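Biologist: I have a model open and I want to learn how to read it. Can you take me through some features, step by step?

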Amino acid sequence: MIESGNDIQKISAHMGSGHKIRNFYNNIQNPNDPAEDVTVDTHAIAAAHLKPFSSSSLEVNHAFGTTPAKKPANWKPMKTGGTATGINGTDPLYEEAYRRAAKERGILPRQMQSIAWEGVRAMFPAKDKSKGKFNEAYKVWSDHHTGLHDADTARKKIDEITGGGAGSKNYGW
Amino acid sequence: MDGKNNSPFVDYMKKQGIPLTRENYLSLAMPDVSPDEIGAELESEIPEQFQAGRDEGSGPKVKVVRKEK
């Protein structure tokens, strides 16, 4: 930043082709920009799914357009959108989801992301998540997808799994 | 954007004649991170040319000495 002399072309080149760093820069540099930038990281993706994702989760790899260390069978590396679209991974889907959720509540997308980010980290604390304490959450959503219960029931079950998690208590979920 | 990071580490590698490989990049840019600990988020911050699952740069590998944790 300092060495760039505020030359946005130099700064932009160093931010690479991914979405996260560029959005993070934009959120800090111009937090009220009408472009509604949203910084989507691992926690933001976990919050969107309400699942205890880690940085090795498949969905997180999909979002960042990366290849997991333990590749599932039939895994195909993502092709970047390149200069045609500028899109890498499924990140833009999450950005749009945060924008829509924020619009419903009359707040900025980056504010929605911040609230969800804090909430999901409180619901699924890293020290417990790494021990697999919340793995039942995956089954809850799997059961929802097979029609055993609706989404609201799934959310309530996950709230129970997390012990009425700090997320729901602190953020009114 | 041209789809590649203009990383100062890559610039340094080129300037010093260090072969442009993932292993060499990681040893310079992320000396304290074990390659096994690199998750999706961190992986996405590595220049595309060195990301796992993509074509690696060609050239001989140099011996990498990692700092003890």
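**Confidence first**

Modeller: Chain B has a mean pLDDT of 78, and 70% of its residues score at least 70. Keep in mind that this is a predicted model. For the model as a whole, the scores are ipTM 0.79 and pTM 0.83.

Biologist: Which elements of chain B have the lowest and the highest mean pLDDT?

Modeller: Helix H1 (residues 8-16) of chain B has the lowest mean among the elements of that chain, at 92. Helix H2 (residues 22-29) of chain B has the highest, at 94.

Biologist: How many helices and strands does chain B have?

Modeller: Chain B has 3 helices and 0 strands. Along the sequence, the pattern is α-α-α. Of its 69 residues, 23% count as buried. Now take the contacts in chain B with a separation of 6 or more: 67% of them join residues 24 or more positions apart.

Biologist: Next, a helix pair. How do I read the angle between the axes of H9 and H10 of chain A?

Modeller: Start with the cut-off: an angle over 145 degrees counts as roughly antiparallel. Helix H9 (residues 136-145) and helix H10 (residues 151-161) of chain A cross at roughly 170 degrees, and their axes come within 9 Å. H9(A) and H10(A) are therefore roughly antiparallel to each other. The crossing of H9(A) past H10(A) is right-handed.

Biologist: Which residues meet between H9(A) and H10(A)?

Modeller: From H9(A), the residues are Glu136(A), Ala137(A), Val140(A), Trp141(A) and His144(A). From H10(A), they are Ala151(A), Ala154(A), Lys157(A), Ile158(A) and Ile161(A). By type, this contact has 7 nonpolar, 1 polar and 2 charged residues.

Biologist: Now single residues. Is Asn6(A) buried or exposed?

Modeller: Asn6(A) has 8, so Asn6(A) counts as exposed. Asn6(A) lies in the segment before H1 of chain A. Check the backbone too: phi of Asn6(A) is near 65 degrees, a positive value in a residue other than glycine.

Biologist: What is phi of Asn74(A)?

Modeller: Phi of Asn74(A) is near 70 degrees, again positive in a residue other than glycine. Asn74(A) sits in the loop between H4 and H5 of chain A. Asn74(A) is exposed, because 5 other C-beta atoms lie within 10 Å.

Biologist: What does Thr67(A) touch, leaving out residues up to four places away in sequence?

Modeller: In chain A, Thr67(A) touches Asn61(A), Trp75(A) and Pro77(A). In chain B, Thr67(A) touches Ala52(B) and Gly53(B). Thr67(A) is placed in the loop between helix H4 (58-64) and helix H5 (82-85) of chain A. With 17 C-beta neighbours inside 10 Å, Thr67(A) counts as partly exposed.

Biologist: How do I read separation in sequence against distance in space?

Modeller: Take both values for a pair. Thr67(A) and Ala47(A) are 20 residues apart in sequence, with 21 Å from C-alpha to C-alpha. For His14(A) and Gly119(A), the values are 105 residues and 31 Å. His14(A) belongs to helix H1 (residues 8-15) of chain A. His14(A) is partly exposed, because 15 other C-beta atoms lie within 10 Å.

Conventions. Residues numbered from 1 in each chain as written. Chains lettered and ligands numbered in written order. Predicted model: local features only at pLDDT ≥ 70, side-chain atom pairs only at ≥ 80, totals over all residues. Axes fitted to C-alpha atoms, helices over the stretch in contact; angles between N-to-C directions. Helix = DSSP H or I, 4+ residues; strand = E, 2+ residues; numbered from the N terminus. Parallel < 35°, antiparallel > 145°, perpendicular 65-115°, else oblique. Left-handed = near helix turned anticlockwise from the far one by under 90°. Contact = placed C-beta atoms within 7 Å. Nonpolar A, V, L, I, M, F, W, Y, C, P; charged D, E, K, R; others polar. Buried ≥ 20, exposed ≤ 12 C-beta atoms within 10 Å, placed from the backbone. pLDDT = per-residue confidence, 0-100.
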